[in-house]
Amino acid sequence: MKAIVLVGLGGGIGSIARYLIGDWLRYATAPDRFPVATFVVNIVGCLIAGMLAGMIARYDVLSPQVRLFLFTGLLGGFTTFSAFGLETTLLLRRGEIQTAATYAVASLVLGIAAVWIGYRIACLGAPSA
């Protein structure tokens, strides 16, 4: 039961953060073009995941309960790959194949790069892991 509460609390916080950031970015960018809000949230979420994973690897910090709260709850609620899939599909259905391909490839490549960078930042000065 404790795990469910931790995931639920983290997910709620992550979802609220995603909504607020996405709402702000939708007003700051052209909403009918490239889905900037989802893209930014996914990349930031990947960077945070990489940094946390790097800290865990380097310092063996964060209890299993805190990891559950942060990874499954908070980041699970914050990142938006389900929205990513839907938005990519909608772009394809509208015939915007180049935008959909750019969005999908950039999300994948930069997401993986952000995890790697976050991991490396967290492991600065540590022996290679």
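These questions and answers go through a predicted model of one protein.

Me: How many helices and strands does the secondary structure of the protein come to?
Reply: Read along the sequence, the pattern is α-α-α-α-α. The count is therefore five helices and zero strands.

Me: What share of the contacts between residues at least 6 apart in sequence joins residues at least 24 apart?
Reply: A contact here is a pair of residues with heavy atoms within 4.5 Å. Among contacts between residues at least 6 apart, the share joining residues at least 24 apart is 73%.

Me: How far does helix H5 reach from its first C-alpha to its last?
Reply: Helix H5 covers residues 97-122, which is 26 residues. At 1.5 Å a residue, 38 Å is expected. The model comes close to that, at 37 Å.

Me: Which helices are included in what covers the buried residues of H5?
Reply: The buried residues of H5 are Ala100, Tyr103, Ala106, Ser107, Gly111, Ala114, Gly118 and Ala122. An α-helix has 3.6 residues a turn, so residues three or four places apart point the same way. The cover over these H5 residues includes helix H2 (36-59) and helix H4 (81-93).

Me: Is Asn42 buried or exposed?
Reply: Asn42 is found in helix H2. Leaving aside neighbours within four places in sequence, Asn42 is in contact with Thr79, Thr80, Phe81 and Phe84. Its relative accessible area is 0%, and buried means under 20%, so Asn42 is buried.

Me: How far apart do the centres of the positive and negative side chains lie?
Reply: The protein has 9 positive side chains and 5 negative ones. The centres of the two sets are separated by 8 Å.

Technical notes: Residues numbered from 1 in each chain as written. Predicted model: local features only at pLDDT ≥ 70, side-chain atom pairs only at ≥ 80, totals over all residues. Heavy atoms only, no water. Helix = DSSP H or I, 4+ residues; strand = E, 2+ residues; numbered from the N terminus. Expected span 1.5 Å × (residues − 1). Buried < 20%, exposed > 50% of the residue type's maximum accessible area, 1.4 Å probe, protein only. Lys, Arg positive; Asp, Glu negative; His and termini not counted. Charge placed at Lys NZ, Arg CZ, Asp CG, Glu CD.
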